[in-house]
Amino acid sequence: MKKLACVLICAALWLTGCGKDDGPMPEDEFLVIAHRGASAYVPENTLASYELAKDLDSDYIELDIHLTKDGELVVMHDQDVESTMNASGKISEFTLDELKKLSKTSRYKDDKGMAAKGHAEMYAVPALREVFDQFGDRMNFIIELKNPEDYPGIEEKLMELLEAADMIGADGDGHPKAVIQSFSEEGLEKIHALNPKIPLLRLISFEDGEEAQLTAEEIEKLQTYAAGIGVSYEALTEPFISYMQQEGLVVYAYTVNDQETALTMKNLGANGIHTDRPDILEK
Ligand code: G3P
Ligand code: CA
């Protein structure tokens, strides 16, 4: 019965355009995903952190997107600006230019000692289009939709940009150039309806101390739109990872910043880790 369900799901995925040629998430590789860039070493979600992530040979760069007051897709983690700038308010209350000026003058609060004079552009808040301009032909991205319910139309804007920047489809190695992840199932389903070829990862959180588990219904729902899931490493177990993979869902662990845990995740069979230290494992 399970086999029949699997065949039917695969056939449905193929018919909707999620075939191998579109670059599915690699199932037999352990991906090192640079979380907000190489954010252990340089301010997170900046061109500088992506440059270092590239130099450290990351498989993917993970970043977080929001919409500014003037409708620009911008890369920052928190919805409020306090944590990275000497200012207060929500991203949606600022234009891109205002955010750039703020980030260049007040700088990132936590500059890891690396925000050298004369490199302000590298540490300014980047628009997503600028990230693709600089790295689109060299790096692949996992793009996290943050709070999409607060940004009507963000899914359409993202799709338009991905198409314009030629970020849809696979790179020369067959890996998808752009993957979208979110804690928001609604946001992911909107993306799936707009373009079912883009691989999607559902982020799922579990209570502290709780082991990851999903019901058959939850898994079936995921299979209608997602290529896999992202789960905190603390909740992951070998049986859960293996069960998800049997059900056709890849599993990424977030956010792993020590080598021992990285190796544990690899040994448990996870498909990769999000890490602030993309040099955490030897290649
Ligand atoms: O990539 C997973 C992780 O990014 C989700 O958590 O808060 O770092 O965006 P956060
Ligand atoms: Ca994120």
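Me: Okay, two strands pair if DSSP finds at least two bridges between them. What joins β1 to β2 here, and how do they run?

Reply: Strands (E, at least two residues) and helices (H or I, at least four) are DSSP runs, numbered from the N terminus. This is a predicted model, where local features need pLDDT of at least 70, side-chain atom pairs count only at pLDDT 80 or more, and totals for chains, interfaces and linings use all residues. Residues are numbered from 1 along each chain as written, chains are lettered from A and ligands numbered from 1 in written order, and side-chain values use heavy atoms, without hydrogens or water. As for your pair, β1 and β2 run parallel, joined by 3 bridges, and Ile33 sits opposite Tyr60 in β2.

Me: Which residue is the bridge partner of Ile33 in β9?

Reply: That's His274. β1 and β9 (residues 272–275) also run parallel, with 4 bridges between them.

Me: Why is β1 largely enclosed by the rest of the structure?

Reply: Buried means under 20% relative accessible area, exposed over 50%, partly exposed in between (1.4 Å probe, protein chains only). In β1 (residues 31–35), 5 of the 5 residues are buried, so the strand is largely enclosed by the rest of the structure. Leu31, Ile33 and His35 point one way, Val32 and Ala34 the other, and all are buried. Across the chain's 283 residues, 51% count as buried.

Me: Now the metal. Which protein donors does the calcium ion (ligand 2) have?

Reply: Donors are N, O and S atoms within 2.8 Å of the metal (3.2 Å for Na, K and Ca); water isn't among the atoms, so sites may look incomplete. Here you get Glu62 (OE), Asp64 (OD) and Glu144 (OE), at 2.1 to 2.2 Å from the ion. Their spacing along the chain reads E-x1-D-x79-E. Asp64 in β2 (residues 60–67) and Glu144 in β4 (residues 141–145) are 80 residues apart, so to speak a link between distant parts of the chain. Both Asp64 and Glu144 are buried.

Me: And helix packing: at what angle do α2 and α5 pack?

Reply: Two packed helices are described by the angle between their axes and the distance between the axes. Axes are lines fitted to C-alpha atoms over the stretch in contact, with angles from 0 to 180 degrees between N-to-C directions. For α2 (residues 47–55) and α5 (residues 128–135), that's about 35 degrees, with the axes 11 Å apart. With contact meaning heavy atoms within 4.5 Å, Leu47, Tyr50, Glu51 and Lys54 in α2 meet Val131, Gln134 and Phe135 in α5.
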